[in-house]
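Subject: Structure for you to look at

Hello,

Here is the structure I said I would pass on. Please open it beside this email and follow along.

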Amino acid sequence: AKEGINAGIPIDHEFFRTRIAGRQNAAICAELFPRWDSATAEQWSCDKEAAFRSKAVGKLTPMPGLEEVIKLIDTLGLKKAAVTNAPRP
């Protein structure tokens, strides 16, 4: 299935892995779309994240032990923060 186009060339796994995966949206836009203004880049970033969330529904699971750690943190009354990263290919 064709997922994206890069100047007429399909975006393959290698392109995705080396130029998109794990990078911040601002860095992706600066490299791939250097002529975009900040509003266009921000909209693309929002659309990209929405597409990811839509495709991820029902496919991601917590890391083993995460739920127990969260319960312990809650029991101890500690503050918590979360960082999420998409699985790397």
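A residue is called buried when its relative accessible area is under 20%, exposed when over 50%, and partly exposed in between (1.4 Å probe, protein chains only). This is a predicted model, where local features need pLDDT of at least 70 and side-chain atom pairs count only at pLDDT 80 or more, while totals for chains, interfaces and linings use all residues. Residues are numbered from 1 along each chain as its sequence is written, and side-chain values use heavy atoms, with hydrogens and water left out.

I looked at salt bridges (a side-chain nitrogen of Lys or Arg within 4 Å of a carboxyl oxygen of Asp or Glu). The whole structure contains five of them.

One joins Glu14 to Arg17, with N and O 2.9 Å apart. Both residues sit in helix H1 (residues 13-19), three residues apart, or about one turn of the helix. Helices here are DSSP runs of H or I, at least four residues, numbered from the N terminus. Glu14 has a relative accessible area of 40% and is partly exposed; Arg17, at 39%, is partly exposed too.

Lys48 and Glu49 form another salt bridge, their closest N and O atoms being 3.0 Å apart. Lys48 is partly exposed at 25%, and Glu49 is partly exposed at 28%.

Lys80 pairs with Asp74 in a salt bridge of 2.1 Å, N to O. Here Asp74 has a relative accessible area of 42% and Lys80 one of 48%, so each counts as partly exposed.

Finally, a network of salt bridges links Arg19, Arg23 and Glu31.

Regards

Conventions: Helix = DSSP H or I, 4+ residues; strand = E, 2+ residues; numbered from the N terminus.
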